[in-house]
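Please view the structure below before reading on.

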Amino acid sequence: MESAEVFRQEAHKMVDWIADYYKEIEKFPVKALCKPGSVFGQIPDSPPESPEEMKDIFSDFERIILPGITHWQSPSFFAYFPANSSFPSILAEFLSSALGAQCMKWETSPAATELEEAVMIWLRKMTGIPSHFEGVIQDTASTSTLCAILSAREHASGFRINAKGMEKQPVMRVYCSSEAHSSVEKAVKIAGIGKENLIKIGYDEEFRMRPNLLEKAIATDISAGYRPVCVVAALGTTGSTAIDPLQQIAEICSKYQVWLHVDAAMAGSALILPEYRWMLKGIEQADSLVFNPHKWLFTNFDCSAYFVRDSETLINTFKLVPEYLKTQIPEHVNDYSNWGIQLGRRFRALKLWFVIRAFGTRALQEKLRKHIAIAADLKGKIEAHPDFEIMAPVHFNLVCFRFHPQGFDEAELNKINEELLLNLNNTGKIYISHTKLNGIYTLRIVTGQTHVDFHHAHKAWDLIADTAEKCMKNGRK
Ligand SMILES: Cc1ncc(COP(=O)(O)O)c(C=O)c1O
């Protein structure tokens with residue numbers, strides 16, 4: 001398909017397909033119901049030697065690939081935090097693919113760098129992040145948190161570890177709550193700190209980190225000769241969207257001169273709502289913060305907004321300029337490949353720009369408020385049912401709950417809820433997920449999908465209540 005004319009025809013067909021896909025998305029089973037190996041088994045062992053027709057490739061896409069797709073953009077996708085998309089974002093992704101620009105340095109696409117600078121300032125203003133923070137787009141929150149922990153490590157060692165490795169360094173310690181995301185542990189492993197040096201701090205009755213336990217752990221570690229280097233506080237944990245008390249944690253970090261990284265991967269988007277800004281109290285003292293517009297700001301995966309108080313530390317941690325990457329551009333431009341791990345970078349700022357402009361900040365706020373209202377409505381229905389219970393406070397778009405009929409012990413309830421999840425997801429009508437809170441098997445329903453509305457959540461709830469009833473009857477037979 002070398003000719004632009006053939007491309008034009010095929011692209012038009014594909015745009016039609018995409019528009020229809022979104023119109024009819026609810027016809028597909030939300031979670032792929034295929035068996036393991038079923039897609040692989042249909043792909044020929046060897047690649048074709050001669051060109052194939054696009055119509056044949058596309059028909060195989062529909063026949064082989066589509067049944068193996070879980071439809072994340074379905075309004076009945078309630079599992080996990082969303083990876084939500086929107087039409088302006090898709091259009092920007094078209095353009096970004098078409099340009100095919102690799103935006104590693106200012107010179108390799110000045111517009112990509114400068115638009116990234118501009119939209120990160122927009123995001124900072126939209127969320128109330130203080131103006132002394134600078135932003136850069138990373139691929140994921142996992143990468144952003146890794147950048148934070150590497151920066152903290154280098155900051156603490158005076159950049160000696162980058163130069164000499166770990167020799168003669170005191171053993172470093174990192175702290176987060178036991179409810180923090182697994183990406184913290186992964187980052188600690190990659191940074192060479194060692195996962196046994198990640199200290200998981202206990203939480204309170206709302207799954208928030210307990211600052212008194214944090215301070216105790218840091219003080220005990222210092223007396224034992226360890227070097228506390230970083231605390232990761234969560235605004236919106238994965239399990240239950242718990243909000244760690246940032247201000248108290250920030251004071252402890254200041255007192256002991258420990259890097260404070262804030263993981264607001266999903267819930268950070270809620271900072272565009274003034275009524276959620278209280279969560280940020282203490283942020284002036286933090287060193288870095290991440291949130292993902294690719295989770296709850298209608299911008300296609302991947303797009304993770306990473307903000308730092310001191311970009312020099314970030315750049316000193318990562319900067320390398322071999323001869324072949326030197327340009328004649330003056331020093332004052334940003335070469336974002338020095339602000340993180342990747343050299344090659346996609347033009348991610350474009351989709352964020354399209355989204356913010358096409359929605360406008362007011363419509364973005366309205367959409368988030370609607371998702372929050374849908375979650376609150378669901379919570380009300382669950383609370384009103386005698387055999388269900390809410391398992392954690394509902395702050396944003398996540399409702400944690402379980403089926404709790406009378407006459408079963410905890411182990412049996414765990415099994416009943418596990419079976420309920422399986423039965424619900426196998427219907428193909430909805431997709432929900434689970435976690436364990438205080439060891440209790442808990443169902444999670446997330447109302448953050450771009451096109452979700454009250455009626456989708458109501459249908460989901462009816463199905464959950466019905467299926468639970470059936471599960472219990474079967475269990476009692
Ligand atoms: C609180 C939190 N942090 C980090 C992550 C990881 O996000 P990513 O997939 O962008 O690495 C998640 C994912 O859900 C999360 O909930």
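In this predicted model, the accessible surface of the protein comes to about 22,600 Å², and carbon and sulfur atoms account for 54% of that surface. Of the 477 residues, 51% count as buried.

The overall dimensions come next. The C-alpha atoms fill a box of roughly 65 × 65 × 50 Å along the principal axes. A compact globule with 477 residues would have a radius of gyration near 23 Å, and the 24 Å of the protein agrees with this. The protein has 15 helices and eleven strands. Among contacts between residues at least 6 apart in sequence, 73% join residues at least 24 apart. The protein carries 52 positive and 57 negative charges, whose mean positions are 3 Å apart.

| Aromatic pair | Distance between centres | Angle between planes | Class |
|---|---|---|---|
| Tyr 203 and Phe 207 | 5.5 Å | 40 degrees | tilted |
| Phe 388 and Phe 401 | 6.2 Å | 35 degrees | tilted |

Tyr 203 has a relative accessible area of 23% and is therefore partly exposed, whereas Phe 207, at 3%, is buried. Phe 388 and Phe 401 are both buried. Because Phe 388 lies in strand S8 (residues 388-390) and Phe 401 in strand S9 (residues 398-403), their pair ties together parts that are 13 residues apart in sequence.

Ring pairs also link a cluster made up of Trp 17, Tyr 21, Tyr 22, Phe 28, Phe 58, Phe 61 and Phe 87.

Key: Residues numbered from 1 in each chain as written. Predicted model: local features only at pLDDT ≥ 70, side-chain atom pairs only at ≥ 80, totals over all residues. Heavy atoms only, no water. Helix = DSSP H or I, 4+ residues; strand = E, 2+ residues; numbered from the N terminus. Rg over C-alpha atoms; globule rule 2.2 N^0.38 Å. Buried < 20%, exposed > 50% of the residue type's maximum accessible area, 1.4 Å probe, protein only. Contact = heavy atoms within 4.5 Å. Areas by Shrake-Rupley, 256 points an atom, 1.4 Å probe, with all protein chains shown as cover. Lys, Arg positive; Asp, Glu negative; His and termini not counted. Charge placed at Lys NZ, Arg CZ, Asp CG, Glu CD. Phe/Tyr/Trp six-rings, centres within 6.5 Å; stacked < 30°, edge-to-face > 60°.
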